[in-house]
Amino acid sequence: MGKIFRIILLFIPWILMPGMHAQTMNTSDSIPDASLDQSFIINKITLHGNKVTKNFIIYREMEFGAGDSIRGNELNTKLRKTRENLLNTSLFNFVTIRLDTVDINHYVKLDVNIELVERWYIWPFPIFEFADRNFNAWLKTKDFSKVNYGGYLVWDNFRGRKEKAHPAGAHGL
């Protein structure tokens, strides 16, 4: 009975808060009005919305960096792959990539703005189980000294470096 109850408690946050799952959104990661054969230079990358996650964690998931030259036919693929990589880290609920064009000396440079919505990182898990062999045996005595209760916290992305902090002795559910 205790194991089943723990498993049910594990899924309660996802049942009660369906909007907290990682969802897909339409991004404006399309090539600016130009030829597919044209090369674009990534002028700068700006991150918005990462309050906990460190910038280097985000940059290492990207398919390009500031100063890179990307052909127009590869740009959409790299932007889509970057967005998928960031969502697959399980650190963010939403990732939106926006491009701004800057025309400098006949070169088209792109300013990449990445808007992130971080997920919840601290999850409390209550523990409530019967020490008797089953619920019916406990119901006969109704002895609350034979009930185990308490809780623990799981803290993901502990220091913003995609690491986990679990309480001592907790091995998960």
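Student: What is valine 112 in contact with, leaving aside its neighbours within four places in sequence?
Tutor: Valine 112 is in contact with Ile42, Lys44, Ile45, Thr46, Phe64, Ile97, Arg98 and Leu99. Contact here means heavy atoms within 4.5 Å.

Student: Before we go on, what kind of model is this?
Tutor: It is a predicted model, in which local features need pLDDT of at least 70 and side-chain atom pairs count only at pLDDT 80 or more, while totals for chains, interfaces and linings use all residues. Residues are numbered from 1 along each chain as its sequence is written, and side-chain values use heavy atoms, with hydrogens and water left out.

Student: Which residues touch the most other members in the largest nonpolar core?
Tutor: Ile45, Phe64, Val95, Val112 and Ile114 do, in a core of 24 residues. A nonpolar core is a set of buried Ala, Val, Leu, Ile, Met, Phe, Trp, Tyr and Cys residues joined through side-chain atoms within 4.5 Å. Buried means under 20% relative accessible area, exposed means over 50%, and partly exposed lies in between (1.4 Å probe, protein chains only).

Student: And which elements give two or more residues to this core?
Tutor: They are β1 (39–48), α2 (55–59), α3, β3 and β4 (107–118). β4 gives the most, with 5 residues. Helices (H or I, at least four residues) and strands (E, at least two) are DSSP runs, numbered from the N terminus.

Student: Which residues does the second core include?
Tutor: That separate core has 5 residues, including Trp123, Phe125, Ile127 and Val154.

Student: Changing topic: which residues of α3 are buried?
Tutor: Gly72, Leu75, Leu79, Thr82, Arg83, Asn85, Leu86 and Leu87 are. The helix α3 has 17 residues and reaches 25 Å from its first C-alpha to its last, close to the 24 Å expected at 1.5 Å a residue. The expected span is 1.5 Å times one less than the number of residues.

Student: Where does lysine 142 lie?
Tutor: Lysine 142 lies in the loop between α4 (135–141) and β6 (147–156). Although not a glycine, lysine 142 has a positive phi of about 50°, and with a relative accessible area of 51% it is exposed.

Student: Now the surface: which residues form the nonpolar patch?
Tutor: Ile122, Leu153, Trp155 and Phe158 form it, with about 360 Å² of accessible area together. Patches are made of residues with over 30% relative accessible area and no salt bridge, with like charges joined within 9 Å and nonpolar side chains (Val, Leu, Ile, Met, Phe, Trp, Tyr) within 5 Å. A salt bridge is a side-chain nitrogen of Lys or Arg within 4 Å of a carboxyl oxygen of Asp or Glu. Accessible areas come from the Shrake-Rupley method with a 1.4 Å probe; for residues, only the protein chains shown count as cover.

Student: Which strand holds isoleucine 122?
Tutor: Isoleucine 122 is found in β5 (residues 122–130), and is partly exposed at 43% relative accessibility.

Student: Finally, how many helices and strands are there?
Tutor: The protein has 4 helices and 7 strands. Of its 173 residues, 34% count as buried.
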